[in-house]
Amino acid sequence: MSPKVGVAPLRREQIVRATVRCLARDGYSGLTMKKVAREARVSQGILHYYFGDKRAILVASLEAVTTDLDRRVAAAQARGGRDPWRRLAALLAACLGLAAEAREFWVVFVEFWGETMHDRQLREINAALYGRMRRQLGALIAQGIRAGRFRRVDVVLALVDGVSLQITFDPKAFSVATAVRFCEDALMRYLKREAP
């Protein structure tokens with residue numbers, strides 16, 4: 001039996017959000033369809049209507065947290081105006097803030113990355129995701145280069161991922177404000193154009 005018209009997107013999101021909570025609590029190795037169904041308060045039949053297996057629900061969870069991260073970054077950058085440095089700083093604050101505010105989002109990334117080691121299709125999904133992120137960051141860096149503010153570098157994504165993971169793994173290591181300042185300082189040194 002198929003769900004009522006209009007209910008399907010809401011039900012799917014409910015299941016994905018429940019999966020994110022389960023991944024944060026139990027990891028991918030502890031994830032079962034039964035646990036997700038219980039967390040989402042749906043029957044296993046409904047769960048299987050939307051997702052055939054654990055792998056499919058992991059991919060949907062990654063897509064959901066990526067969409068949420070994109071939304072946060074876009075909103076932060078919109079508040080920063082058109083200045084390339086302010087837009088980059090907004091991106092840093094949004095990503096690093098998410099690691100502290102919603103740790104489960106980064107846990108989904110970590111669990112997904114762990115599975116990519118053993119699954120070619122997941123590696124391809126990850127490669128496409130990172131390709132898109134590198135293009136977005138590249139466009140932002142290119143804007144700064146055209147404005148005479150930046151020079152070409154390719155360390156932004158590695159810096160954001162590395163510091164976000166540290167906050168995810170050890171939230172008491174340093175505050176988000178400290179992490180943002182550290183990243184801004186590092187990027188300012190990397191990106192700053194040398195005087196002619």
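Visitor: Hi! How many positive and negative side chains does the protein have, and how far apart do the centres of the two sets lie?

Guide: The protein carries 33 positive and 20 negative side chains, with the centres of the two sets 3 Å apart. Lys and Arg are counted as positive, Asp and Glu as negative, while His and the chain ends are left out. Each charge is placed at NZ of Lys, CZ of Arg, CG of Asp or CD of Glu.

Visitor: And what kind of model is this?

Guide: The model is predicted: local features need pLDDT of at least 70 and side-chain atom pairs count only at pLDDT 80 or more, whereas totals for chains, interfaces and linings use all residues. Residues are numbered from 1 along each chain as its sequence is written, and side-chain values use heavy atoms, with hydrogens and water left out.

Visitor: Thanks. How many helices and strands are there?

Guide: The protein has 9 helices and 0 strands, taken as DSSP runs numbered from the N terminus (helices: H or I, at least four residues; strands: E, at least two). The C-alpha trace spans about 70 × 35 × 30 Å along its principal axes.

Visitor: What share of the residues counts as buried?

Guide: Of the 196 residues, 44% count as buried. Buried means under 20% relative accessible area, exposed means over 50%, and partly exposed is in between, with a 1.4 Å probe and protein chains only.

Visitor: Back to charges. How many salt bridges does the structure hold?

Guide: The structure holds 12 salt bridges, each being a side-chain nitrogen of Lys or Arg within 4 Å of a carboxyl oxygen of Asp or Glu. One of them joins Arg71 to Asp68, with the closest N and O atoms 2.9 Å apart.

Visitor: Where do Arg71 and Asp68 sit?

Guide: Both belong to helix H4 (residues 54-79), where they are 3 residues apart and so separated by about one helical turn. Asp68 is buried, at a relative accessible area of 10%.

Visitor: Which residue does Glu124 meet in a salt bridge?

Guide: Glu124 meets Arg120, at 2.6 Å from N to O. The two are 4 residues apart in helix H7 (residues 120-146), about one turn of the helix. Glu124 is partly exposed at 45%, and Arg120 is exposed at 51%.

Visitor: Which residues are linked in a network of salt bridges?

Guide: Arg21, Arg25, Asp26, Lys35 and Glu39 are linked that way. Within this group, the side chains of Arg25 and Asp26 meet at 3.3 Å, N to O. Asp26 is partly exposed, with a relative accessible area of 25%.

Visitor: New topic: which residues touch the most other members of the largest nonpolar core?

Guide: Among the 65 residues of that core, they are Ile15, Leu47, Phe51, Leu88, Phe109, Leu187 and Leu191. A nonpolar core is a set of buried Ala, Val, Leu, Ile, Met, Phe, Trp, Tyr and Cys residues joined through side-chain atoms within 4.5 Å.

Visitor: What does Leu191 touch?

Guide: Not counting residues up to four places away in sequence, Leu191 touches Trp85, Leu88, Ile141, Arg149, Phe150, Arg151 and Val153. Contact here means heavy atoms within 4.5 Å.

Visitor: What about Lys192, buried or exposed?

Guide: Lys192 counts as exposed, at 51% relative accessibility. Lys192 lies in the segment after helix H9 (176-191). Leaving aside neighbours within four places in sequence, Lys192 is in contact with Arg149, Arg151 and Leu187. Lys192 and Val153 are 39 residues apart in sequence and 10.0 Å apart in space, C-alpha to C-alpha.
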